[in-house]
Amino acid sequence: MKCLPQVTTLDQITRAWMMHLIVSSLLACALPLSAAPAKSISILLPPKSSKVVEHAGQILSRQITRRCKSSITNNGVADVNIELAIDPQLSAEGYGITTTPAGATRIMGGDERGLIYGVGKFLRTSRFDVEGFTPGTWFRVSTPACPVRGVYFATHFNNFYEAAPLEEVREYVDELALWGVNHLQVTFPRWHFTGFEDPAAQKALERLKQIMRSAKLAGMKATLLIAANDDFKSTPVEFLRVPVPDPLKRRGDFGVNLCPSNPKAHALLLKDWARLLDEFTDIGLNAVEFWPYDEGGCGCTNCWPWGARGFPNLSRDLSRIARDKFPGIKVILSTWTFDTPPAGEWEGLARFIAMDRNWVDYIQADSHEDFPRYPIEHGVPGGLPLLNFPEISMWGQSPWGGYGANPLPDRLQRLWNQARKKPAGRFPYSALSGGFPYSEGIYEDINKAVCAQLYWDGNRPTIETIREYVAFEFSPDVVDAVTKAVMLLESNHDRKKIGSSAQDAFLLLEDSEQKMTPQARKSWRWRILYLRALIDRELLETKGRLQGETLKRAFQELTTIYHAEQAHSMPIHPPVIK
Ligand SMILES: [Zn+2]
């Protein structure tokens, strides 16, 4: 369950596959690479393909035709022939890419998920030019290190996940799968609604189910996150919690949180939880996560310390209901803002789980800033596998995404290293088994790719993922320049400390743009990166003042890309200049 480095796990495949790979790689090396980009591409699926395998083929086809003018056939006779296959000799969720004696590229997954991840690697190591497509020659096998490679879509506040046309969200889910994401998590904020019959609640639930169906088609597991003790805004006031101590203003509380030590409130929480789970019967939930604060928490004498008493008690009851309804479902317990400030929550949770750990499968830990020290210094409660929760969305910029892309490869590397550090003390440290980056939209797409690849291979530097991202999304010809620009953008992340390098970052991107295809130049990923550099340069000149036509148009374009026109008052709408 640990994130051990496994860039290429040849030991996990059979000797026959090794020989096949070696021979075919030698063949590939011996074959002259096509000098001219391919105009026609054939994609062949294995016979009796599952829906996910068929979808892998559709994703591959869509990605190629969107990026160049090459056409797709399925007749096996084209400039470039690609075969998709399942090979159970490969590791679960792993993949291998090779060539056949006839010169076709064969992408093989250990299972249908692995096939999608192999398609992703193949795409990222190929070229897309105005003249057509040049297939990659990355012929290796790869196996993921972490079993839980998730993304959490915070489905609220009319952000991208709520407001964008469903087809855009579906495509985005597919594109995350290409990076190895295998869990998609959504939430249902009950405190927004009066009850299940509230038309707004029905609309939100239908949206969640549609997103979950897309996730399943892309080979992902469907995960539901819920604040353990929140409920509908129609809840009787006598059921409500005692506010939790929050001297550092980190725990959040603007919802409808109930006191589970009140028997009637407890019964209502269990009843509404069971009803909520029934909404997903036809989808089939694979995991649930219980959240302690923001929303959540009760500070009464029976519940406090919440993380040590009220929260695990209630979560255990909720866990049993979930397992009754979905046998085999995994239960994740979040420890977000535990002991902020210290209140004995980690220690209390460890004692609680030491007495009974049969209701929870994973502990999740993360924080606003540094990775929490308790699981590193004392071990994870119950010896359970540990997940992280990287904050890739809100940190350091408000409105969130309001200035375009917010790449944070250096910060994410630093936090990852903190979570992996082996202590000098006597407690063995369980390395991470994956996690769920927190996402409020698409502007942190680069950060999602970075996290997904850390879960795939924790030893791979984040900057290497940036280079692969740039080569795929923009052009292999601009990798050095755009990677440098990304680093400069991160150095100017703090809106109050934009330095003169903002000018350099903009010039690097402006120069790179000349070397890219029209398709890449028009893509939203390029536009949000380019606009970020443009906005930084403008803010450098205006000394931080939001003024002028250039900034106005940049913010308007971001708003259109995010579908943020009707965004909630929470800071997810880019700035508006009248
Ligand atoms: Zn209470």
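Q: Is Val256 buried or exposed in this structure?
A: Val256 counts as buried, because its relative accessibility is 13% and the cut-off for buried is under 20%. Keep in mind that this is a predicted model.

Q: Okay, and where does Val256 sit?
A: You'll find Val256 in the loop between strand 11 and helix 7, the helix that covers 263-278.

Q: Which residues is Val256 in contact with, leaving aside its neighbours within four places in sequence?
A: Quite a list: Trp191, Asn229, Asp230, Asp231, Phe232, Lys233, Thr235, Leu240 and Glu295.

Q: Switching topic. What volume does the largest pocket have?
A: The largest pocket comes out at about 750 Å³. There are 33 residues lining that pocket, and the closest to its centre are His156, Asp294, Trp336, Met394 and Tyr438.

Q: Which element gives the most to that pocket's lining?
A: That's strand 11, residues 221-227, which puts three residues into the lining of the largest pocket.

Q: And how do the lining residues divide into nonpolar, polar and charged?
A: For the largest pocket, 17 are nonpolar, seven are polar and nine are charged.

Q: You mentioned Asp294. How far is Gly434 from Asp294?
A: Their C-alpha atoms are 22 Å apart, and in sequence the two are 140 residues apart. Gly434 belongs to strand 16, residues 432-435.

Q: Gly434: buried or exposed?
A: Buried, since its relative accessibility is 0%.

Q: Which residues line the largest cavity?
A: Its lining is made of Asp366, Phe371, Asn388, Pro390, Leu412, Leu415, Trp416, Cys451, Leu454 and Tyr455. Helix 11 (409-420) and helix 12 (445-456) are the elements that give two or more residues to that lining. By class, the largest cavity's lining has eight nonpolar residues, one polar and one charged.

Q: And the second largest cavity, what's its volume?
A: The second largest cavity has about 70 Å³. Among the residues lining it are Asn158, Phe160, Trp400, Glu440 and Tyr562. Its lining divides into seven nonpolar, three polar and one charged.

Q: Is Cys451 buried or exposed?
A: Cys451 is buried, with a relative accessible area of 3%. Cys68 counts as buried too, at 3% relative accessibility.

Q: Last topic: which residues touch the most other members in the largest nonpolar core?
A: Those are Phe153, Phe188 and Trp273, in a core of 180 residues. Helix 17, residues 524-541, gives the most to this core, with nine residues.

Q: Which residues is Phe153 in contact with, leaving aside its neighbours within four places in sequence?
A: The contacts of Phe153 include Tyr161, Val169, Tyr172, Leu184, Ile211 and Ser439. Val173, Leu176, Gln185, Val186 and Thr187 are also in contact with Phe153.

Technical notes. Residues are numbered from 1 along each chain as its sequence is written. This is a predicted model: local features need pLDDT of at least 70, side-chain atom pairs count only at pLDDT 80 or more; totals for chains, interfaces and linings use all residues. Side-chain values use heavy atoms; hydrogens and water are left out. On a 1 Å grid over the protein atoms alone, a cavity is a set of points where a 1.4 Å probe fits but cannot get out, and a pocket is an open set with protein on both sides within 12 Å along at least five of seven lines; lining residues have an atom within 4 Å of a point. Grid points are joined across faces, edges and corners, and a volume is the space filled by probe spheres set on the points. Helices (H or I, at least four residues) and strands (E, at least two) are DSSP runs, numbered from the N terminus. Ala, Val, Leu, Ile, Met, Phe, Trp, Tyr, Cys and Pro count as nonpolar, Asp, Glu, Lys and Arg as charged, and the others, Gly among them, as polar. Buried means under 20% relative accessible area, exposed over 50%, partly exposed in between (1.4 Å probe, protein chains only). A nonpolar core is a set of buried Ala, Val, Leu, Ile, Met, Phe, Trp, Tyr and Cys residues joined through side-chain atoms within 4.5 Å. Contact means heavy atoms within 4.5 Å.
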